[in-house]
Amino acid sequence: MSKGEKCSLCSEPAVRSLSASEASKYFEVEAEARGRVYLCKRHYKEYKKRSEEVRELERLRW
Ligand SMILES: [Zn+2]
C-alpha cells in the first residue's frame, strides 16, 4: 500500500486496505470510495471482529 494513506473512516494512518465492496458489508463507506477502502488499526480490528461474527453465523447455518 502506498505510504501515507489515511483510514477511510477516520483520519488515522491506514494499516490495511480492503475492496470497497468488502468494506461496505461492515461499514458505512462512501459510494465514491470505489476501488480500495483504507482502514486504520482500530477499524481493521473492528472489521475483523465483524467478519468473524458473520463467518460464525454462516457456520451455524450449516
Ligand atoms: Zn479508522
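This is a short tour of the structure, one selection at a time.

The model is predicted, so local features need pLDDT of at least 70 and side-chain atom pairs count only at pLDDT 80 or more, while totals for chains, interfaces and linings use all residues. Residues are numbered from 1 along each chain as its sequence is written, and side-chain values use heavy atoms, with hydrogens and water left out.

**Whole chain**

Start with the chain in cartoon view. There are 2 helices and 2 strands, and from the N terminus the elements run β-α-β-α. Helices (H or I, at least four residues) and strands (E, at least two) are DSSP runs, numbered from the N terminus. Of the 62 residues, 26% are buried; buried means under 20% relative accessible area, exposed over 50%, and partly exposed in between (1.4 Å probe, protein chains only). Among contacts (heavy atoms within 4.5 Å) between residues at least 6 apart in sequence, 43% join residues at least 24 apart.

**Zinc site**

Next, select the zinc ion. Its protein donors are Cys7 (SG), Cys10 (SG), Cys40 (SG) and His43 (ND1), which lie 1.9 to 2.3 Å from the ion. Donors are N, O and S atoms within 2.8 Å of the metal (3.2 Å for Na, K and Ca); water is not among the atoms, so sites may look incomplete. Along the chain, the donors of the zinc ion follow the spacing C-x2-C-x29-C-x2-H.

Turn the view around the ion. The 4 donor atoms subtend angles of 105 to 119°, so the arrangement is tetrahedral; four donors count as tetrahedral if all angles lie between 85 and 135 degrees.

Cys7 counts as buried at 5% relative accessibility, Cys40 is buried at 2%, and His43 counts as buried at 9%. Leaving aside residues up to four places away in sequence, His43 touches Cys7, Leu9, Cys10 and Phe27. A search for disulfides (pairs of cysteine sulfur atoms within 2.5 Å) gives 0.

**Nonpolar core**

Now select Leu18, Ala20, Ala23, Tyr26, Phe27, Val37, Leu39, Tyr44 and Tyr47. These 9 residues make up the largest nonpolar core. Helix 1 (20–23), strand 2 (36–40) and helix 2 (41–61) each supply at least two residues of this core. A nonpolar core is a set of buried Ala, Val, Leu, Ile, Met, Phe, Trp, Tyr and Cys residues joined through side-chain atoms within 4.5 Å. In soluble globular proteins, nonpolar side chains tend to be buried together.

**Tyrosine cluster**

Keep Tyr26, Tyr44 and Tyr47, which form one aromatic cluster. The structure holds 2 aromatic pairs. The rings of Tyr26 and Tyr47 have their centres 5.3 Å apart and their planes at 75°, so this pair is edge-to-face. The pair links distant parts of the chain, with Tyr26 in the loop between helix 1 and strand 2 and Tyr47 in helix 2, 21 residues apart. The rings of Tyr44 and Tyr47 have centres 5.9 Å apart and planes at 35°, so that pair is tilted. Rings of Phe, Tyr and Trp (its six-membered ring) pair if their centres lie within 6.5 Å; planes under 30 degrees apart count as stacked, over 60 as edge-to-face and the rest as tilted.

Tyr44 and Tyr47 are 3 residues apart in helix 2, so about one helical turn separates them. Tyr44 is buried at 19% relative accessible area, and Tyr47 counts as buried at 10%.

Finish on Tyr26, which is buried. Not counting residues up to four places away in sequence, Tyr26 touches Tyr47, Arg50, Ser51 and Val54.

Notes:
Tetrahedral: all angles 85-135°; square planar, octahedral: opposite > 155°, others 65-115°.
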